[in-house]
Amino acid sequence: MAKDTLTITDNRTGKTYELPIEHDTIRAADLRQIKVNSDDFGMMTYDPGYMNTAACKSAITYIDGDRGILEYRGYPIDQLAEKASFLETAYLILHGELPDRGQLDEWTYQITHHTMLNENAKKFMDGFRYDAHPMGMFVSTVAALSTFYPESKSVFDANVRRKQIFRLIAKVPTVAAFAYRHITGMPFAYPDNDLSYTANFLNMLFKRTELKYQANPILERAMDILFILHADHEQNCSTSSMRMVGSAQTDPYCSLAAAAAALYGPLHGGANEAVLKMLNEIGSKANIPALIKRAKAGEVRLMGFGHRVYKNYDPRARIVKKTAEEVFEVTGRNELIDIAIELERIALEDDYFIKRKLYPNVDFYSGIIYQAMGFPVEMFPVLFAIPRTAGWLAQWQEMLVDKDQKIGRPRQIYLGPTTRDFVPMEQRSLVVAKAER
Ligand code: SDX
């Protein structure tokens, strides 16, 4: 009868080991018994980039990369994008169930009433250069918020965690908008509690001298959909950073700043900024074949293409592409989308991309919408970090209450010099000369 075990024979010793299989995985620690000599450390796995290593068990987000499926707590992303609001989705991601009316009202009230920043926060945001990158401002300001809420270090107190979750989800749009106002030389626009989460964000970004900001409902809904699409994505680089830093029991503000720093990278959340730069460099459809040629030669990457997990079309990219057309009804068509659509068409017919299963990812079209809405490219990763704050906090909390988890500390394969004695200064040039021979 089939057993849920893996039998391994170590051909160095002829010994056989039987390891239990759970959730189609083996525990790496079970490999440590495999040794040649009894005083050996024992076997480990070597997995740079964690290409095939599960670091945790999670019930938050499910991705099927081959079938292009993304679900938050079992709900398909296309249904949430069509029928839910971002705050409703953030509640689902954090609590595991869709909220009833009373729960959603309470959740919305709490977040609406935590949108203000301590006035001191404005002082250090004003300290940044006039042209500071807003993502650098976001990362450092979120970390600095930890100094206003020292009680947040009590990470195992559920009530303390709940208050910081309200504060962070509520304040990240304010931090983002203040950063935008700083680089555009505009005075900060304060939160307006009469507005929805996304309408208030647009208010803090774009309010001018009018007494009451009026958000365009199409842009408000488009921003809400984009926030839903970016809310979580299981164990990506930034979420893994949130879990790693949080595993040291660091407060959620500094842990989230570490996650945002990871997201800032052009291979991750900085890709949407890189996509716009790439499309602007292409300039016209006639120049696409030359770029494709360079990408196939390994000289450049098609930013917004490819994904560690999706080996099919990123389901979020399809929804972003549809939302773009709705936004253009208000903002006017961003001609770059025609270059993007043609680039996608050519790439998806080319064997290089087909063989490597490289499809557009969520970043390929999102920047085109953001630019049409008037955002400078530097704001794009910040627009990613705002909704992902809900996912980072859910993953952080899930890690803290998981009895399996402890401080993260991977091992290594040491290939450096063996033990050697200290070399006095007068003998070093001799040692270096010998090493260079
Ligand atoms: C996000 O993980 C997440 O979930 C992230 C995210 C989220 O919601 O959190 O989905 C958000 O980060 C989306 C990805 C945004 N990044 C980009 O668009 C940057 C461009 N894409 C890549 O650099 C790349 O595709 C990654 C980083 C996304 C994935 O890289 P992998 O899985 O490590 O793949 P790889 O680098 O090993 O590439 C495999 C092959 C290589 O060719 P060979 O060496 O086999 O010949 O595919 C090639 C790569 O050269 N390749 C590309 C390519 N991406 C991979 N070639 C051209 N253009 C690309 N974009």
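**Ground rules.** I am reading a predicted model, where local features need pLDDT of at least 70, side-chain atom pairs count only at pLDDT 80 or more, and totals for chains, interfaces and linings use all residues. Residues are numbered from 1 along each chain as its sequence is written, and side-chain values use heavy atoms, with hydrogens and water left out.

**Entry 1: helix H6.** I looked up H6, residues 158-183. Helices are DSSP runs of H or I with at least four residues, numbered from the N terminus. H6 has a kink of about 35 degrees at Lys 171, shortly before the proline Pro 173.

**Entry 2: the cavity.** On a 1 Å grid over the protein atoms alone, a cavity is a set of points where a 1.4 Å probe fits but cannot get out; lining residues have an atom within 4 Å of a point. Grid points are joined across faces, edges and corners, and a volume is the space filled by probe spheres set on the points. I searched the whole structure and found one cavity of 30 Å³ or more. Helix H3 (101-112) and helix H7 (197-206) are the elements that give two or more residues to the lining of the largest cavity. The space in the largest cavity is about 60 Å³. Its lining includes Leu 87, Asp 192 and Tyr 197.

Note on methods: Expected span 1.5 Å × (residues − 1). Bend = angle between axes of the 7 residues up to and from the residue. 1 Å grid on protein atoms, 1.4 Å probe; cavity = no way out; pocket = protein on both sides within 12 Å on 5 of 7 lines; lining within 4 Å.
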